[in-house]
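Me: I am new to this structure and would like a close look at a single part. Please take the salt bridges, and then go on to what else can be described.

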Amino acid sequence: MAKPSKVSAVAELTDKFRGSSAAVVTEYRGLSMAQLTTLRRALGAGTTYTVAKNTLVKRAAEDAGIEGLEALLVGPTAIAFVEGEPVDAAKALRDFAKDNKALVIKGGYMDGRPLSVDEVTAIADLETREVLLAKLAGAMKGNLSKAAGLFQAPASQVARLAAALQEKKAAEAPAAAESDAPAES
């Protein structure tokens with residue numbers, strides 16, 4: 001018979017798996033409580049960093065319908081459950097791991113499939129959603145400006161042609177008037 005505390009822990013982990021957009025599995029062996037607190041602050045409000053027993057995490061992942069994490073659940077395990085932007089959390093974990101060699105990123109889970117360490121690092125190398133949207137808006141604005149210039153070009157060419165014809169007629173009119181005048185002897 002399972003203890004009620006373990007049943008509630010599995011239920012809580014299952015809810016975190018279901019409510020998160022991504023999860024990053026880490027090994028925290030050798031980190032002090034102060035360092036873990038610093039990591040939790042670096043992750044921000046949208047990410048929950050939870051230390052849990054592997055057997056409970058396996059059972060919670062199974063209950064949540066998540067497959068492929070079993071190989072990552074070896075040794076002391078902590079999971080960063082990301083509710084917001086996965087890029088921000090991956091960057092925070094990567095940067096913290098660079099400064100604190102005791103933190104080891106084992107892998108993760110996102111969009112219905114497990115992630116390797118390299119994939120988590122690749123996510124960390126991406127730019128944030130806001131930066132990517134700004135770049136997209138700039139590219140779209142540039143293309144619209146080019147399109148407006150292309151649409152305006154034929155009209156401006158016609159206007160320049162009409163102005164050139166008018167100047168040509170004005171230049172020809174005095175020359176024609178001089179050739180029509182009687183010659184004085």
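Reply: What follows starts with the salt bridges and then turns to a helix pair and a surface patch.

This is a predicted model, in which local features need pLDDT of at least 70 and side-chain atom pairs count only at pLDDT 80 or more, while totals for chains, interfaces and linings use all residues. Residues are numbered from 1 along each chain as its sequence is written, and side-chain values use heavy atoms, with hydrogens and water left out.

The structure holds five salt bridges. The term stands for a side-chain nitrogen of Lys or Arg within 4 Å of a carboxyl oxygen of Asp or Glu. One of them joins Lys 16 to Glu 12, with 3.5 Å between the closest N and O atoms. Both residues belong to helix α1 and sit four residues apart, about one turn of the helix. Helices here are DSSP runs (H or I, at least four residues), numbered from the N terminus. Glu 12 counts as partly exposed because its relative accessibility is 45%; buried means under 20% relative accessible area, exposed over 50%, and partly exposed in between (1.4 Å probe, protein chains only).

Another salt bridge links the side chains of Glu 27 and Arg 29, at 3.2 Å from N to O. Glu 27 has 19% relative accessibility and so counts as buried. Between Arg 113 and Glu 119 the closest N and O atoms of the salt bridge are 2.8 Å apart. Arg 113, at 41% relative accessibility, counts as partly exposed, and so does Glu 119, at 28%. Arg 94, Asp 95 and Asp 125 are linked in a network of salt bridges.

Helix α1, which holds Lys 16 and Glu 12, spans residues 4–19 and packs with helix α3 (residues 54–64) at an angle of about 50 degrees, the axes being 8 Å apart. Axes are lines fitted to C-alpha atoms, for helices over the stretch in contact, and angles run from 0 to 180 degrees between N-to-C directions. That angle makes α1 oblique to α3; under 35 degrees would be roughly parallel, over 145 roughly antiparallel, 65 to 115 roughly perpendicular, and the rest is oblique.

On the surface, Leu 133, Leu 136 and Met 140 form a nonpolar patch with about 290 Å² of accessible area together. Patch residues have over 30% relative accessible area and no salt bridge, and nonpolar side chains (Val, Leu, Ile, Met, Phe, Trp, Tyr) are joined within 5 Å. Leu 136 lies in helix α6, residues 129–180, and counts as partly exposed because its relative accessibility is 46%.

Conventions:
Patch = residues over 30% accessible without salt bridge, like charges linked within 9 Å, V, L, I, M, F, W, Y side chains within 5 Å. Areas by Shrake-Rupley, 256 points an atom, 1.4 Å probe, with all protein chains shown as cover. Helix = DSSP H or I, 4+ residues; strand = E, 2+ residues; numbered from the N terminus.
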